[in-house]
Amino acid sequence: FVFWWFASAAFFLFVIILVRKDIAFFNKVKGEVKTAVVIALMGVITSVLFFSAFSLLEPSFYAFLIRLATIVTIVLGVVVLKERFTRVELFGAFIALIGTFVLSYNAGNFLTLGVLLGIAAALTIGVQDFVWKTMVKDVHPITMNFYRTFAAALAVVLLVITLGLAA
């Protein structure tokens with residue numbers, strides 16, 4: 001399932017890139033190799049963590065846990081890019097962190113592998129979103145998504161071949 005998820009997304013993004021004239025792809029790929037590699041690797045790591053945690057946690061709990069990525073993105077934006085952070089946003093981030101702690105603790109999942117993988121996935125998603133935010137002026141978002149989904153599909157194929165897993 002995971003392979004088809006990413007492969008179909010990569011295919012449709014590639015078609016969009018071919019059809020739309022305003023998205024540079026072929027003539028800029030050589031200049032974007034470093035960007036493509038960074039985006040692709042981050043996408044693969046994030047996907048592995050995301051689906052691993054998802055397989056171990058209840059979906060409703062995981063949906064809340066993964067929202068920590070937004071907090072990571074905001075904090076990185078404030079610290080690195082010097083973006084403004086209001087008191088309301090600070091309060092919201094605090095409530096989200098407390099909610100995650102309470103839900104994890106009450107569910108008896110506080111330090112289980114699924115929760116740790118979910119937090120790691122949220123952190124990598126947050127970092128990935130931040131990196132995308134810094135690159136979006138140079139690379140079209142559709143092109144970035146193509147790099148990410150294509151690399152993730154290839155990574156799934158490699159994992160299946162290497163580990164003998166079922167896709």
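1. The protein chain has seven helices and zero strands. Helices are DSSP runs of H or I with at least four residues, strands are E runs of at least two, and both are numbered from the N terminus. Along the sequence the pattern reads α-α-α-α-α-α-α.

2. A word on the basis: this is a predicted model, where local features need pLDDT of at least 70, side-chain atom pairs count only at pLDDT 80 or more, and totals for chains, interfaces and linings use all residues. Residues are numbered from 1 along each chain as its sequence is written, and side-chain values use heavy atoms, with hydrogens and water left out.

3. Of the 167 residues, 35% count as buried. Buried means under 20% relative accessible area, exposed over 50%, partly exposed in between (1.4 Å probe, protein chains only). The chain exposes about 10,200 Å², and carbon and sulfur atoms supply 75% of that. The areas come from the Shrake-Rupley method with a 1.4 Å probe; for residues, only the protein chains shown count as cover.

4. Take the largest nonpolar core, with 16 residues. Such a core is a set of buried Ala, Val, Leu, Ile, Met, Phe, Trp, Tyr and Cys residues joined through side-chain atoms within 4.5 Å. Leu57, Tyr62, Leu65 and Ile66 touch the most other members. Helix 2 (33–56), helix 3 (59–65), helix 4 (68–81) and helix 6 (113–135) each give two or more residues. Helix 6 supplies the largest share, five residues.

5. Apart from this core lies another, of 15 residues, including Leu13, Met135, Val139 and Met144.

6. Look at Tyr62 again. Beyond its neighbours within four places in sequence, Tyr62 is in contact (heavy atoms within 4.5 Å) with Leu49, Phe50, Ala53, Phe54, Leu57, Gly118 and Ala121.

7. Among contacts between residues at least 6 apart in sequence, 81% join residues at least 24 apart.
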